[in-house]
Amino acid sequence: MELRQITPRYTVTPQIAVEDVPALAEAGFTLVICNRPDGEVPPDLQAEAIGAAVRAAGMAFEVLPVTHDGLTLDTIERQAALVADAPGPVLAYCRSGTRCATVWAMGQAGQMPVDAILSTTAAAGYPLDGLRPTLDSLAQRET
């Protein structure tokens, strides 16, 4: 597992497996969010299998699949609300962690300066400079 902390409450990672779940619980995560569609992975890595292991370990589990043409404002707002409402640290995963970082960044538009969003994701290894026009647009929508 390659955990990359975006904020003290939000960490992203590439795809996890059932055998990774005990370490996530031990690390103190309270919620795991799957941003990866099931169609991208074999059955043992699909949300049902991961979710069952996560719940059995005492953590909450949510599925918000993100596709390149399927990232909606509803998904962005839902993920931001899940993170805000979680009782502790949240882990989100997808294929590489980039979609999870992108959803977080878009959810922060209007809440924090765009430069701060981009420097935060870049520091975690996700340079999202190409998102600047979208973040600027979303920030304007929030004001």
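This note goes through the pockets and the nonpolar cores of a predicted model.

1. The largest pocket holds about 180 Å³ of space, and its lining is made up of Glu40, Val66, Thr67, His68, Leu71, Cys94, Arg95, Ser96, Thr98, Arg99 and Thr102. Helix H4 (residues 98-108) gives the largest share of that lining, with 3 residues. Sorted by class, the lining of the largest pocket has 3 nonpolar, 5 polar and 3 charged residues.

2. In the second largest pocket there is about 150 Å³ of space, and the residues that line the second largest pocket include Thr7, Arg9, Tyr10, Trp104 and Gln108. Helix H3 (73-85) and H4 are the elements that give two or more residues to this lining. By class, the lining of the second largest pocket has 6 nonpolar, 4 polar and 1 charged residues.

3. The largest nonpolar core has 29 residues, of which Ile6, Tyr10, Ile33 and Leu135 touch the most other members. Two or more residues of this core come from each of strand E2 (10-14), strand E3 (31-34), H3, strand E5 (90-94), H4, helix H5 (114-123) and helix H6 (132-142). The largest share of this core, 5 residues, is given by H4.

4. For Ile6, once its neighbours within four places in sequence are left aside, the residues in contact are Thr11, Val12, Ala101, Trp104, Thr120, Ala124 and Tyr126.

Methods:
Residues are numbered from 1 along each chain as its sequence is written. This is a predicted model: local features need pLDDT of at least 70, side-chain atom pairs count only at pLDDT 80 or more; totals for chains, interfaces and linings use all residues. Side-chain values use heavy atoms; hydrogens and water are left out. On a 1 Å grid over the protein atoms alone, a cavity is a set of points where a 1.4 Å probe fits but cannot get out, and a pocket is an open set with protein on both sides within 12 Å along at least five of seven lines; lining residues have an atom within 4 Å of a point. Grid points are joined across faces, edges and corners, and a volume is the space filled by probe spheres set on the points. Helices (H or I, at least four residues) and strands (E, at least two) are DSSP runs, numbered from the N terminus. Ala, Val, Leu, Ile, Met, Phe, Trp, Tyr, Cys and Pro count as nonpolar, Asp, Glu, Lys and Arg as charged, and the others, Gly among them, as polar. A nonpolar core is a set of buried Ala, Val, Leu, Ile, Met, Phe, Trp, Tyr and Cys residues joined through side-chain atoms within 4.5 Å. Buried means under 20% relative accessible area, exposed over 50%, partly exposed in between (1.4 Å probe, protein chains only). Contact means heavy atoms within 4.5 Å.
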